[in-house]
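Subject: Structure handover

Hello,

Please find the structure below. My notes on it come after.

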Amino acid sequence: MCIRDSILGVRRAVFSNESGVGNAPMYHGQSQSSKGTDEGLVAMLGPLLDTVLVCSITGLIIIISGVYQVPELNGIVLTLEAFRILFFGLGDVLLLIMVFVFGISTLLTYSYYGVKCFGYLTHPQWGKLYNYFYIGSIVLSAIVTVEVVIGIIDLAFALMCIPNMIAILYLAPHVKKEMQSRKWI
């Protein structure tokens, strides 16, 4: 059971901050930095802020509130109860705002990713056609069970990781060379 929970935790962490998936270069590639390593250093802030700051604070809120001791609670319900206890009735609203912002930003970001990728694989002007598929997938996700949606997301992330890991291994010597040539202040 412990290994299964660990694997689930890693899958949710990858979804949370996209480390190693290969999405980040799509928006960091739009940067006007003269060296790719400069933007790479900026890109490392994302997982740091998300995982260390946001997830750690949420975990601390759950621990401080003591709701982790209630066996029936898990996932979002556990987090909701922790926020209710510690934020004196405003926890519901605060968590709703945070989930709304996360949801909207995720929807917009994945639309951008899809348009860019589909445009790259076909023709740049055709990239916008991806949005029709994307809207259909949102509707489908609202109809099927959460388990099916999470399974599809996990599969998609695994399929994105494979070519990304190959590219990382291929480009590692180039990145190392550029990092060694940098003049550190």
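What follows is a short account of what was found, from the overall fold down to single residues.

This is a predicted model, in which local features need pLDDT of at least 70 and side-chain atom pairs count only at pLDDT 80 or more, while totals for chains, interfaces and linings use all residues. Residues are numbered from 1 along each chain as its sequence is written, and side-chain values use heavy atoms, with hydrogens and water left out.

Overall fold

The protein has eight helices and zero strands; helices (H or I, at least four residues) and strands (E, at least two) are DSSP runs, numbered from the N terminus. Along the sequence the pattern reads α-α-α-α-α-α-α-α. Of the 185 residues in the protein, 18% are buried. Here buried means under 20% relative accessible area, exposed means over 50%, and partly exposed is in between (1.4 Å probe, protein chains only).

Helix H5 covers residues 75-86, twelve residues in all. From its first C-alpha to its last it reaches 17 Å, close to the 16 Å expected at 1.5 Å a residue; the expected span is 1.5 Å times one less than the number of residues. Its buried residues are Leu 78, Thr 79, Ala 82 and Phe 83. Seen down the axis of H5, these fall within an arc of 130°, so they line one face of the helix. The arc is that of the directions from the helix axis to the C-beta atoms.

The count of salt bridges comes to two, a salt bridge being a side-chain nitrogen of Lys or Arg within 4 Å of a carboxyl oxygen of Asp or Glu. One joins Glu 81 to Arg 84, with the closest N and O atoms 2.7 Å apart. Both of these residues lie in H5, three residues apart, about one turn of the helix. The other joins Arg 84 to Asp 92, where the closest N and O atoms are 2.8 Å apart. Glu 81 counts as partly exposed at 24% relative accessibility, as does Arg 84 at 36% and Asp 92 at 33%.

After H5

Phe 87 sits in the loop between H5 and helix H6 (91-121). Its relative accessible area is 29%, so Phe 87 is partly exposed. Phe 87 and Ile 61 are 26 residues apart in sequence, and their C-alpha atoms are 9.8 Å apart in space.

Nonpolar patch

Val 42, Leu 45, Leu 48, Leu 49, Val 52, Leu 53, Val 54 and Ile 57 form a nonpolar patch on the surface, with about 680 Å² of accessible area together. Patches are made of residues with over 30% relative accessible area and no salt bridge, where like charges are joined within 9 Å and nonpolar side chains (Val, Leu, Ile, Met, Phe, Trp, Tyr) within 5 Å. Accessible areas come from the Shrake-Rupley method with a 1.4 Å probe, and for residues only the protein chains shown count as cover. Helix H4 (residues 45-65) gives the most to the patch, with seven residues. Val 52 is found in H4 and is partly exposed, at 48% relative accessibility.

Cysteines

How many disulfides does the structure hold? The number is zero, with a disulfide taken as a pair of cysteine sulfur atoms within 2.5 Å. Cys 55 is partly exposed at 38% relative accessibility, and Cys 117 is partly exposed at 35%.

Regards
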